[in-house]
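The points may be read alongside the sequence and the model.

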Amino acid sequence: MRAALIILATLVVAVLLDIGTRRLVRRADHGRYQWVLGPLRNACRRPTAAVLLLTGLYLALPPRPAGWLSDVRHVTGLVLIGSVAWLVIKALHVAEGVTFSRLPPEVVADRRIRRARTQIRPVRRFTAVVVTIVAIGLIMTTFPPIRAFGISVLGSAGVVGALIGLSARTALGNAFAGIQVAFSDGLHVGDVVVIEGEWGRVEEVKLTNVVVRLWDDRMLILPTMYFTERPFQNWSRHEARVVGKVQIHVDHTAHLEDLRTEAQRLVESSPLWDRSRWVLQMVDATASSVVIEVQATAADGASAWDLRCDLREGLIRYIRDNHPQWLPRTRSEYKP
């Protein structure tokens, strides 16, 4: 009779909780907290019901049953632990989703929003890993042969120790690197980076890898450990503005002022220039030519790439059509 009453009471609580949350969400449909109550109920409805029903079944069974009831109580406890972990992970997903939904969709210009988006997802995934390991440790403690190992996992710094011990594996090593990348303030979603001579924009920073969309729309997926062990260029770490650079080899007889005048005309007539600054300088000299570099700012990486191409094309066309003698030449001395 006691077991039946406990199970019946648990079913009643589960039904009342479901009805109450549904009415609460309906009342808040156009209210202030609808953006969080609706997703929370939709995501956590099943795991919450599972936790309540399993809790009622676990309490309904005798504390020290004999025979097959002992196995039923043990299995119920294991499933209950898994259901609680399922509920917590679902709640973490909802917290991540509603946080992203409150952020503005445009993340290119606002560095603080890019930073928030970069940090939230790795933290959620890392927390989910910790919850999973805690659940596994609790399950281990229910089996006498491996109870000591389960207690060590749940001990002081046991979870962290287990993660550090397993981080020698590539996957968890990348997971720790993902946390480091998220909080080192060196890389954010939306940053323009140059990797192995290819430039692109960071699309997503995951716990184990980073997705970069290259200039030709190819997707470059790199492990997060790459960004902690190898150097890379970040063109927009502090701001979205990017400086485009173009280098051209010309003959020593080229007039730098004429080239500077033409470069100024090309830069100022380009809609890609952000009207901030530009400069033309001689940056190097070799035995056969000199190196002219033009620098001009653009609003973002894509605009800087197109601006560089336009400037390079315009300067080469100007030299070819108006001053072909300025093209690099190889001189030789003839002695009769």
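1. Arg213 forms a salt bridge with Asp217, the closest N and O atoms being 3.7 Å apart, where a salt bridge is a side-chain nitrogen of Lys or Arg within 4 Å of a carboxyl oxygen of Asp or Glu. Glu203 also forms a salt bridge with Arg213, and there the closest N and O atoms are 3.1 Å apart. This second pair links distant parts of the chain, with Glu203 in strand 2 and Arg213 in strand 3, ten residues apart; helices (H or I, at least four residues) and strands (E, at least two) are DSSP runs, numbered from the N terminus.

2. The model is predicted, so local features need pLDDT of at least 70 and side-chain atom pairs count only at pLDDT 80 or more, while totals for chains, interfaces and linings use all residues. Residues are numbered from 1 along each chain as its sequence is written, and side-chain values use heavy atoms, with hydrogens and water left out.

3. By the salt-bridge rule the count comes to eight. One of them joins Asp321 to Arg320, with the closest N and O atoms 3.0 Å apart; Asp321 is partly exposed at a relative accessible area of 49%, and Arg320 is partly exposed at 48%. Salt bridges that share partners join Glu203, Arg213 and Asp217 into one network.

4. Which residues form the aromatic cluster? Tyr226, Phe227 and Phe232 form one such cluster, and a search of the whole structure finds two aromatic pairs. Tyr226 and Phe227 pair edge-to-face, 5.4 Å centre to centre with 75° between the planes. The rings of Phe227 and Phe232 have their centres 5.0 Å apart and their planes at 80°, so this pair is edge-to-face too. Rings of Phe, Tyr and Trp (its six-membered ring) pair if their centres lie within 6.5 Å, and planes under 30 degrees apart count as stacked, over 60 as edge-to-face and the rest as tilted. Tyr226 and Phe227 are both buried, while Phe232 counts as partly exposed at 25% relative accessibility.

5. The largest nonpolar core has 23 residues, of which Val250, Leu259 and Leu311 touch the most other members. The elements giving two or more residues to this core are strand 6 (242-250), helix 9 (256-269), strand 7 (273-285), strand 8 (290-298) and helix 10 (301-322), and helix 10 gives the most, with six residues. A nonpolar core is a set of buried Ala, Val, Leu, Ile, Met, Phe, Trp, Tyr and Cys residues joined through side-chain atoms within 4.5 Å.

6. For "transmembrane region", the unreviewed UniProt entry lists residues 72-92, 122-140 and 146-166; UniProt positions are given in the numbering used here, feature names are shortened, and annotations may be inferred rather than shown by experiment. In the model, residues 72-92 are 100% helix and 0% strand, with their end C-alpha atoms 30 Å apart. Residues 122-140 are likewise 100% helix and 0% strand, and their end C-alpha atoms lie 27 Å apart.

7. Lys206 lies in the loop between strand 2 (198-205) and strand 3 (209-214). Lys206 and Arg125 are 81 residues apart in sequence and 8.7 Å apart in space, C-alpha to C-alpha.

Conventions. Buried means under 20% relative accessible area, exposed over 50%, partly exposed in between (1.4 Å probe, protein chains only).
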